Amino acid sequence: MNDEVTPGPDDHKGVSRGGSARRSRIQEASVEALLGELKSSRQGLSTEEARKRLERYGANALREERVNPLLKFLGYFWGPIPWMIETAAVLSALIRHWADLSIIVVLLVFNGVVGFWEEFQAGNAIEQLRKTLALKARVLRDGAWQELDARALVPGDIVRLHLGMIVPADVKLIEGDFLSVDQSALTGESLPVEKRSGDVAYSSSIAKQGAMLGLVVATGMETFFGETAKLVGIARHVSHFQKAVITIGRYLIYLSLTLAAILVVVELSRRAPIFNLLEFVLILTVASIPVAMPAVLSVTMAVGALVLSRMKAIVSRLESIEEMAGMDVLCSDKTGTLTQNRLSVGEPVCFGDVSPGELLLAGALASPPDDGDAIDLAVIKALKDPGALSRYRQQKFVPFDLVSKRSEARVADARGHTFSVTKDAPPVILSLARPAPELKRRVDAQIETFARQGDRTLGVARSEDGAVWTFLGLLPLSDPPRVDAGEVIAQAQRHGVSVKMVTGDNVAIARQICSKIGLGTHILPADTLSRNSRDGELTAEAIGSIEEADGFAQVTPEHKFTIVKALQHERHITGMTGDGVNDAPALRQAEVGIAVSGATDAARAAAAVVLTEPGLGVIIRAIEEARRIFERMTSYAIYRITETIRIMIFVVLAVSVYRFFPITAVLIILLALLNDFPIMTIAYDHTWLSPLPVRWDMRRVLSVASVLGVIGVVETFGLLVIAQHFFGLTNAEVQSLIFLNLAVAGHLTLFVARTKRRFFQSPLPAPILLVAVLSTQAVAAMIVGFGWFVAKIPWIDVGFVWAYALAWIFIEDEMKVRVYRYLDRADHAPVGAR
């Protein structure tokens with residue numbers, strides 16, 4: 001094979017210059033010359049030859065930079081927080097506190113192992129989801145067309161390209177009339193480019209119109225897109241929720257460092273040993289800083305994504321889960337989402353010298369020979385004699401495009417007589433046939449009759465010479481509502497989500513369907529949007545009408561984009577469904593772009609969520625799960641802030657009042673280790689399902705966490721006073737007692753923080769969370785009861801701490817409920833009253 005056409009997998013020198021020369025070489029070469037150089041033919045490759053080439057050239061995919069697992073693991077020991085732990089370990093060694101050193105090293109390794117493993121698990125989960133979304137390609141192998149993963153393509157393959165496809169590799173177009181492709185992401189050209197036989201279509205460009213066959217000439221990193229990817233980094237979007245969690249992390253770090261600085265100043269003024277003080281302060285700060293926050297965030301999102309995938313909703317961007325939880329408007333396609341997407345042809349209405357059977361046959365002949373859409377298949381299926389098509393031969397077929405808005409075929413019958421047939425929207429076919437006014441009036445009246453019944457119509461025409469057309473008649477098409485559509489819409493409305501129907505059908509059909517599924521019948525014709533705009537911008541009146549409408553009719557993909565922008569202007573978090581290549585801008589613009597089942601590759605690539613099952617019920621289940629995930633993250637944030645306030649303020653207060661450390665560095669490390677286990681199970685917890693869309697409310701989170709944190713300080717300091725004055729314990733025994741209280745009370749606080757209701761009310765904790773909490777509390781009790789690493793305390797004192805913590809959990813819970821009630825009243829109070 002000539003490597004000048006397709007270099008081998010190790011030839012990566014001179015990306016720009018060499019790649020440009022090779023592309024020019026391919027563009028100038030004839031199709032036959034390339035077929036010879038690639039040792040291929042118009043019948044494609046054999047499976048065995050394709051396997052050999054796949055081994056030589058590698059998969060048709062961008063090369064991923066994979067980090068050595070060992071280096072990734074070691075990376076968890078490099079950074080500000082690991083440095084603090086490592087410094088504490090060095091200080092422990094210098095002052096010969098070997099027990100402290102051992103436990104510090106355990107904490108360091110444990111954090112590294114947990115972080116590495118959770119990231120590894122989350123990465124595997126997302127990789128599996130990505131495989132589910134792998135692009136497909138129609139490939140000619142062993143003389144037959146097959147659908148394969150695009151990554152299996154090799155140079156020399158013959159592929160079929162059509163409307164809506166993402167071009168899977170660099171291909172030389174070899175057969176077909178034309179292919180209009182959007183390659184703006186590669187070249188910056190704002191308009192689609194028309195390609196014909198002999199031209200090259202580049203990988204990752206999008207087929208906008210037409211259909212052609214192509215010869216694969218470059219794959220993977222050797223494509224134009226692959227060469228560009230070597231030079232371009234991809235930026236990642238951080239969601240509002242992730243930003244909020246990062247803000248919480250910074251808040252906790254600043255709070256911890258400030259209180260640690262106060263502690264250092266107080267102890268240095270008392271001439272405390274510097275090494276001992278620094279070791280303690282470092283460990284205290286590490287325990288208070290949310291070391292596990294990144295792991296908790298990634299695990300919760302990944303676990304949620306896996307749950308959603310089992311619900312037939314695949315999340316392509318994890319951060320979109322938070323947006324879905326706050327979505328309050330859903331613009332839903334009609335066909336296939338609200339209706340069954342099972343088109344059937346009713347009784348044809350003839351307007352010329354033609355029988356119903358001949359009218360159906362003409363419509364079927366104006367359909368593509370393969371890759372037909374639902375309308376084409378319905379027309380063909382309606383033929384009483386399916387074998388009738390075999391008696392005709394299509395000489396030329398022009399598929400539907402947005403310019404002509406119809407499909408057309410040149411057909412020859414068994415005697416060699418040729419004629420043309422066309423079909424699509426009646427207004428388009430009528431304008432082509434130019435009927436007499438009386439005939440046009442009759443056709444329009446019949447269309448209106450069908451529309452009142454909720455039926456779409458197709459117009460069919462025939463021409464002997466391709467210039468003068470005769471209107472033959474109408475084919476009514478019906479697509480009944482899904483059985484569950486009404487109940488699902490009612491459920492969405494109960495969840496605080498307003499559903500607006502979006503359809504390309506006319507207003508009459510839209511109203512008919514809306515009335516059947518329980519939506520309002522205030523339908524806005526999309527063409528009014530352009531009339532109510534100034535300088536390309538919608539007027540305030542137009543935006544208001546979009547917000548008030550129950551649905552939109554005669555919608556084009558461009559209208560979808562405008563509708564999303566208008567709703568976002570009114571501060572709605574908007575979901576938009578779509579399936580076509582031209583839906584991609586609207587799907588990308590919406591906070592929650594949803595590619596419905598059967599969507600094109602381009603729509604799936606632009607969407608945040610990809611559905612693998614038809615219907616709106618999938619979206620509703622996804623919204624519910626997204627809100628549960630949001631609640632888990634909120635619970636973790638409240639718990640984390642509460643415990644930082646409890647530990648840091650208590651320690652600084654106790655040292656200032658009693659002039660001794662109420663807890664040792666070793667005990668702080670043990671506490672941090674014990675806290676990690678329950679925290680990691682939050683991702684699996686049962687949560688309360690909010691009846692309304694949820695958004696991040698930092699004021700609410702900080703208010704609840706601050707109240708719980710202050711109560712925790714009072715609780716723990718109260719136990720210290722009791723232990724100092726009534727129990728007659730040594731300082732070491734007091735430290736063990738305080739350690740047990742922080743472990744028990746902290747984990748009980750997790751039960752308080754996880755719900756807005758009483759902690760003992762539904763939803764109860766998940767078994768895995770309950771087991772994790774009870775197990776770690778049992779371990780904490782055994783540590784102090786048996787004197788492992790710490791001073792031993794009597795079991796009666798252990799029981800007292802448990803009873804003391806249980807009593808305080810009711811106080812915390814009562815105050816939490818009151819804070820939420822106060823915040824609810826404040827949120828609903830008039831602005832002036834606030």
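Modeller: Helix axes are lines fitted to C-alpha atoms over the stretch in contact, and angles run from 0 to 180 degrees between N-to-C directions. The model discussed here is predicted.

Colleague: Are α26 and α27 roughly parallel or roughly antiparallel to each other?

Modeller: Helix α27 covers residues 731-753, and its axis lies 10 Å from that of α26. The two helices pack at an angle of about 150 degrees. Angles over 145 degrees count as roughly antiparallel. The relation of α26 and α27 is therefore roughly antiparallel.

Colleague: How many nonpolar residues does the contact of α26 with α27 have?

Modeller: On the α26 side, the residues include Leu708, Leu719, Leu720 and Phe727. They meet a set in α27 that includes Val734, Leu737, Ile738 and Leu742. By class, the contact has one charged residue and four polar ones, while the number of nonpolar residues is 11.

Colleague: Which handedness does the crossing of α24 and α26 have?

Modeller: Helix α24 spans residues 617-658 and helix α26 spans residues 698-727. They pack at an angle of about 35 degrees, with axes 7 Å apart. The crossing of α24 and α26 is right-handed.

Colleague: Is Cys331 buried or exposed?

Modeller: A search of the whole structure for disulfides finds zero. Cys350 is partly exposed, at a relative accessible area of 24%. For Cys331 the relative accessible area is 0%, and buried means under 20%, so Cys331 is buried.

Conventions:
Residues are numbered from 1 along each chain as its sequence is written. This is a predicted model: local features need pLDDT of at least 70, side-chain atom pairs count only at pLDDT 80 or more; totals for chains, interfaces and linings use all residues. Side-chain values use heavy atoms; hydrogens and water are left out. Helices (H or I, at least four residues) and strands (E, at least two) are DSSP runs, numbered from the N terminus. A crossing is left-handed if the near helix is turned anticlockwise from the far one by less than a right angle, and right-handed if clockwise. A disulfide is a pair of cysteine sulfur atoms within 2.5 Å. Buried means under 20% relative accessible area, exposed over 50%, partly exposed in between (1.4 Å probe, protein chains only). Angles under 35 degrees count as roughly parallel, over 145 as roughly antiparallel, 65 to 115 as roughly perpendicular and the rest as oblique. Contact means heavy atoms within 4.5 Å. Ala, Val, Leu, Ile, Met, Phe, Trp, Tyr, Cys and Pro count as nonpolar, Asp, Glu, Lys and Arg as charged, and the others, Gly among them, as polar.
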